[in-house]
Amino acid sequence: MRVVLKPLFEAELPPDFSEVIKNKLMGKEVRTGEEIGIEILGKPLRFKVVLAEPSPLEVGKETRVEFSHGEIEVLDFEFDEPVKEVLPFEKGFVVVLNNKVLILNHDGQKVYSDEFEELNEVRASKGAVVIVHDKNKLRLVKP
């Protein structure tokens, strides 16, 4: 069980500060995405709960408290047909559907898309995607 908090204030946090925060949160319930306030030395400090694992989580002795200074970005995608395979490669990732291949960059933007009558196999290497289709055809895509 762990909680990842992002401080919503500018200050250097001492190494053992996570234990202080854990003691203040002991017995309280936190959820991923919520903002919480913790009073320290009479001053309220605000944190965003970047991750509560599981969510909701009641903070206890076994809970690990960590701090994050970056944002976690979540992108959700939904397709009209089932996803057969996802292949990561240097420039993004390849989504293989029944007879369609989509290449998306790391921001989720479509770089390439095509449909094939018979899609046999898709492989991704460092900077290219190889598509085997219609039994005897091969297409090399370098986004």
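**Pairs, cores and burial in a predicted model**

Visitor: What do β11 and β12 form, and how many residues are there between them?

Guide: These two strands form a hairpin, and four residues lie between them. The model is a predicted one, in which local features need pLDDT of at least 70 and side-chain atom pairs count only at pLDDT 80 or more, while totals for chains, interfaces and linings use all residues. Residues are numbered from 1 along each chain as its sequence is written, and side-chain values use heavy atoms, with hydrogens and water left out.

Visitor: What makes β11 and β12 a pair?

Guide: Strand β11 (residues 119-124) and strand β12 (residues 129-133) are joined over five bridges in the antiparallel sense, and because two strands pair if DSSP finds at least two bridges between them, β11 and β12 qualify. Within this pairing, Glu121 stands opposite Val132 in β12. Strands here are DSSP runs (E, at least two residues) and helices are runs of H or I with at least four residues, numbered from the N terminus.

Visitor: Which strands make up the open sheet with mixed pairing, and which of them are its edge strands?

Guide: Its four strands come in the order β3-β4-β1-β6. The edge strands are β3 (35-40) and β6 (64-67), since each of them pairs on one side only. Inside the sheet, β1 (residues 2-7) and β4 (residues 43-53) run antiparallel to each other over six bridges, and Arg2 faces Glu53 in β4 as its opposite residue. Helix α1 (residues 17-25) lies across β1, β3, β4 and β6.

Visitor: How is the other open sheet of four strands arranged?

Guide: There the order is β7-β8-β9-β10, with antiparallel pairing. Its edge strands, β7 (85-89) and β10 (110-115), each pair on one side only. Strand β9 (residues 100-104) is joined to β10 over five bridges, and Val101 stands opposite Asp114 in β10.

Visitor: Why is Ser68 called buried, and what does it touch?

Guide: Buried means under 20% relative accessible area, exposed over 50% and partly exposed in between (1.4 Å probe, protein chains only). Ser68 has 14% relative accessibility, so it counts as buried. Although its place is in the loop between β6 and β7, Ser68 touches Val4, Leu5, Lys6 and Pro7, leaving out residues up to four places away in sequence; contact means heavy atoms within 4.5 Å.

Visitor: How many aromatic pairs does the whole structure hold, and why is the pair of Phe9 and Phe47 given its name?

Guide: The search finds four aromatic pairs. For Phe9 and Phe47, the ring centres are 5.4 Å apart and the planes stand at 85 degrees, so the pair is edge-to-face. The limits are centres within 6.5 Å for a pair of Phe, Tyr or Trp (six-membered) rings, with planes under 30 degrees apart stacked, over 60 edge-to-face and the rest tilted. Phe9 lies in the loop between β1 and α1 and Phe47 in β4, so the pair ties together parts 38 residues apart in sequence. Both residues are buried, and ring pairs link Phe9, Phe17, Phe47 and Phe67 into a cluster.

Visitor: What makes a nonpolar core, and which residues touch the most other members in the largest one?

Guide: Such a core is a set of buried Ala, Val, Leu, Ile, Met, Phe, Trp, Tyr and Cys residues joined through side-chain atoms within 4.5 Å. The largest has 18 residues, of which Leu5, Ile21, Val30, Ile36 and Phe47 touch the most other members. At least two residues come from each of β1, α1, β3 and β4, and β4 gives the most, with four residues. A second, separate core of 13 residues includes Val96, Tyr112, Leu119 and Val122.

Key
Axes are lines fitted to C-alpha atoms, for helices over the stretch in contact, and angles run from 0 to 180 degrees between N-to-C directions.
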